[in-house]
Amino acid sequence: MEEKILEKTEDYKDWDKLSQHCEVIEGLTEVEKEKAKRTFLFLKHELGEDFLDSAFNVGHPIMQYVFNVAPWTRRWFIWFAEALKELKDHQNYESLLTRLRDKDKFVEALSVLEPSYKFAKAGFKLNFDPKISDRSKEKIPDLKITNSENREELFVEVSIQKESMDQREAGKTLQEISRPLLSSIPFTVSYTHLRAHETSLHLVCRLLLEK
């Protein structure tokens with residue numbers, strides 16, 4: 001049944017088919033399947049109907065999650081969408097969304113998304129990429145956090161650790177292997193799991209032969 005829904009590379013660029021496919025993923029509960037289905041429809045609206053096509057063409061990191069149909073990736077998308085929904089009404093949210101759409105800023109934007117989501121759920125008001133002046137110099141930190149009870153403000157610059165050489169090589173290897181495979185016929189579905197704190201790459205490829 002998976003082959004009929006996600007059979008070609010083009011199918012993975014279709015938000016509606018990604019949503020439909022969640023129904024047949026083993027390892028997800030019925031509740032998770034329904035959440036995942038709604039998630040892709042929400043992201044279609046939030047990131048844009050044509051986002052997946054352009055993301056594939058430029059090698060956007062999010063496509064690694066799209067092509068990997070293992071249950072954990074759909075849970076990741078559920079979390080991703082829930083975070084965006086929580087942050088939508090906060091000031092300058094569009095600035096964060098613009099960074100997430102950018103392949104070169106996606107990882108950086110994710111590092112801002114995670115703590116922002118936690119702050120928002122805790123009741124703080126957020127302002128993304130606020131402009132502040134310091135001795136005639138303009139600075140743009142990642143966040144301004146405001147305590148809605150006492151109006152105290154805190155400016156935050158989120159930093160992430162640089163990738164190790166092993167991690168960079170693993171990521172480079174993944175891209176070099178996956179892109180030609182994903183574009184090949186018979187079509188290849190790649191199941192990968194690469195964690196930021198790990199120095200090894202786990203890659204399993206399953207070929208779906210066309211009849």
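## Helix H4

In this predicted model, helix H4 spans residues 51–58, and its buried residues are Phe-51, Leu-52, Ala-55 and Phe-56. Buried means under 20% relative accessible area, with exposed over 50% and partly exposed in between (1.4 Å probe, protein chains only). These residues lie on the same side of H4 because they cover an arc of only 130 degrees around the axis. The arc is taken from the directions from the helix axis to the C-beta atoms. An α-helix has 3.6 residues a turn, so residues three or four places apart point the same way.

Gly-59 follows H4 and has a positive phi, near 75 degrees. Helices (H or I, at least four residues) and strands (E, at least two) are DSSP runs, numbered from the N terminus.

## The sheet

Three strands form an open antiparallel sheet, in the order E1-E4-E5. Strands E1 (125–128) and E5 (153–156) are the edges, and each pairs on one side only. Two strands pair if DSSP finds at least two bridges between them.

E4 (residues 143–146) pairs with E5 over four bridges. Ile-145 has Leu-154 in E5 as its bridge partner. The hairpin of E4 and E5 has six residues between the strands; Arg-151 there takes a positive phi near 65 degrees.

## A helix on the sheet

Helix H8 (residues 106–121) packs on the sheet and touches E1 and E4 (contact: heavy atoms within 4.5 Å).

## About the model

Residues are numbered from 1 along each chain as its sequence is written. Local features need pLDDT of at least 70, side-chain atom pairs count only at pLDDT 80 or more, and totals for chains, interfaces and linings use all residues, while side-chain values use heavy atoms, leaving out hydrogens and water.

Key:
Axes fitted to C-alpha atoms, helices over the stretch in contact; angles between N-to-C directions.
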